[in-house]
Amino acid sequence: LPEGTNLTELVCGYVSVSYEFNVSDCDITRDYICSKEVILIPSFGPGNLSVSDLTSTNVTISWIPPQYPSYSQQQQQQRDDQLTGYTLTYSGVELDINEVRNVYSADTLSVTLTGLEEGIQYTIQLNAFTNAGTGPATSTNITTLESAPSGEVQNLTVVEVNSRGMIVSWSSPATILQNGEIISYRVVVTRTGSSVVLNTTTESLCYSLSDLYPHVNYTVSVSAINSAGEGPSLSISQITDSEAPSGEVQNLTVVEVNSRGMIVSWNSPATRLQNGEIISYRVVVTRTGSSVVLNTTTESLCYSLSDLYPHVNYTVSVSAINSAGEGPALSISQITDSEVPSSEVRNLTAVAQSGTITISWSSPVMNDLNGVPTRYTLRYSGVE
C-alpha cells in the first residue's frame, strides 16, 4: 500500500483499506474499499469443554471452537474457518508418566482418550491453533473411575515368628496398579491340611497373628482393597517355632511279658500336640519299692525290657521329645511272670517230742521267691 495508507478497520482477520483517487479530470472523489485476509492467533480457548462416558480407563472429551461474544455470526464463522486444528495434552497428576500430546484437525470436536489408568486424576488442556500460532488453553481435571487393584501387595515378609504367633508386613501395590485409593487389606491364613483359620481386613501394612499352633506350616495371603473391589493376593508360608510336646504318647501297651522281661509299645502324641517333629522317646522304668532301674531314650515306638525280676511290679513311663524339649509322660504298670523259687527255704528246724516231730522254716529271701508261694512240699524218711 502507498505510504500513508489509512488502516481503518481490523475485523475477523481482514484489513479494510480506504483511500481516495481522481477519475479522469472529474472532480468526483470516490472511496474504494480493498480487503486482504490476515490470519490471526486465536484469542480464546476452545469453548464448552465437557467430559462424558467416563470409565476406569476411557473418557470422551468434547468442545466447540473458540467463541467471540462481540462478533456477528459471520465474523465468528470467519474466525472458525481460520482454525487449523486443536492440540490436546493430558497427564496423570499422581503418576510419574510423560505428558501425552495429541493433535486433531479443525473439524474434530470430540475425541475419546483410551488406555488411562484407573482411579487417577488427569489434567486435560485443549488449545486451538491457526497458521499464525496457538491460542490459550482451556483446562479441566477428570478422575477416572476406580477398578479393583490389578497388582499384588509388595514385599510380603514374616518379620517375627515364635511358637504361637507371627507378624507379617507388606507394602502397597505399585501406584500404577492400585486403580484407586487403597482403603484396606485382606489377610487370609490357612494351615497345612486344614481350612481357613483367619479371614480379616486391616488398614495397616502389618498384622500380628496369635493363637497359632507350634511347628505348623501356615500360609498367609494378603490382597489390597479399594472402593471398586479386591485385587490379587500374594502369599507367604512360614512354620511356627517348636515347643515341647503338650500331649502324652498314645496307646501305651505291654505287648509281651515273661518272668524276666517285657515289651512295651506306643503311638506318637496327637499331631496337634506334638508341637514339633518328634525325634525320640524317653523310657523310664521303676520297680515298686525301689528307685529308677532304667532311664533311656529310643527313636522307636516300642522298647524291649530285659534283666527284670520275676513277679515284680514294674512301672514303665514313656514321653515324647522334640527339638524344644520333652512332653508329659504316660505310664503303665505290669507284674512280670512268676518263676519257681531260686533259693531254699530258710531256718529249717525239726523238734522231736514223744513220737512227734515239729518242723518249722522261713520263706526264701524275697528276691528269690520269684512269685507268691502257694504251698510248701515236705518230704521225710527214716534214716535207718
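Trainee: Why is Arg 101 called exposed?
Mentor: Arg 101 has 54% relative accessibility. Exposed means over 50% relative accessible area, buried under 20%, and partly exposed in between, with a 1.4 Å probe and protein chains only. The value for Arg 101 is 54%, so the residue counts as exposed.

Trainee: What is the basis for these values?
Mentor: This is a predicted model, in which local features need pLDDT of at least 70 and side-chain atom pairs count only at pLDDT 80 or more, while totals for chains, interfaces and linings use all residues. Residues are numbered from 1 along each chain as its sequence is written, and side-chain values use heavy atoms, with hydrogens and water left out.

Trainee: How many salt bridges does the whole structure hold?
Mentor: The search finds 5. Another one joins the side chains of Arg 186 and Glu 230, at 2.9 Å from N to O. Arg 186 is in strand 13 (residues 184-191) and Glu 230 in strand 17 (residues 229-239), so this pair ties together parts 44 residues apart in sequence. Strands here are DSSP runs of E, at least two residues long, and helices are runs of H or I, at least four long, both numbered from the N terminus.

Trainee: Why are Arg 186 and Glu 230 called partly exposed?
Mentor: Arg 186 is at 24% relative accessibility and Glu 230 at 38%. Partly exposed covers what is between the buried and exposed cut-offs, so both labels follow.

Trainee: What links Arg 282 to Glu 326?
Mentor: A salt bridge, with the closest N and O atoms 3.0 Å apart. The pair links distant parts of the chain, with Arg 282 in strand 20 (residues 280-287) and Glu 326 in strand 24 (residues 325-335), 44 residues apart. Arg 282, at 25% relative accessibility, counts as partly exposed, and so does Glu 326 at 37%.

Trainee: Why is Asn 275 called buried?
Mentor: Its relative accessibility is 2%, so the label is buried. Asn 275 is in the loop between helix 3 (271-274) and strand 20. Its contacts, apart from neighbours within four places in sequence, include Arg 164, His 215, Ala 244 and Asn 322. A polar atom of the Asn 275 side chain lies 2.9 Å from the backbone oxygen of Ala 244.

Trainee: What label does Leu 109 receive, and why?
Mentor: Leu 109 is at 34% relative accessibility and so counts as partly exposed. Leu 109 is in the loop between strand 7 (100-105) and strand 8 (110-113). Its C-alpha atom is separated by 5.4 Å from that of Trp 63, 46 residues apart along the chain. Trp 63 is also one of the residues that Leu 109 touches.

Trainee: What makes a space a cavity rather than a pocket?
Mentor: On a 1 Å grid over the protein atoms alone, a cavity is a set of points where a 1.4 Å probe fits but cannot get out, whereas a pocket is an open set with protein on both sides within 12 Å along at least five of seven lines; lining residues have an atom within 4 Å of a point. The count comes to 1 cavity of 30 Å³ or more. The largest cavity has a volume of about 50 Å³, and the largest pocket about 440 Å³. A volume is the space filled by probe spheres set on the grid points, which are joined across faces, edges and corners.

Trainee: Which residues line the largest cavity?
Mentor: Among them are Pro 42, Tyr 68, Arg 79 and Thr 130. Helix 1 (residues 73-82) gives the largest share of that lining, 3 residues.

How values were computed
Contact = heavy atoms within 4.5 Å. Salt bridge = Lys/Arg side-chain N within 4 Å of Asp/Glu carboxyl O. Polar contact = N/O pair within 3.5 Å; in protein donor to acceptor, adjacent residues only side chain to side chain.
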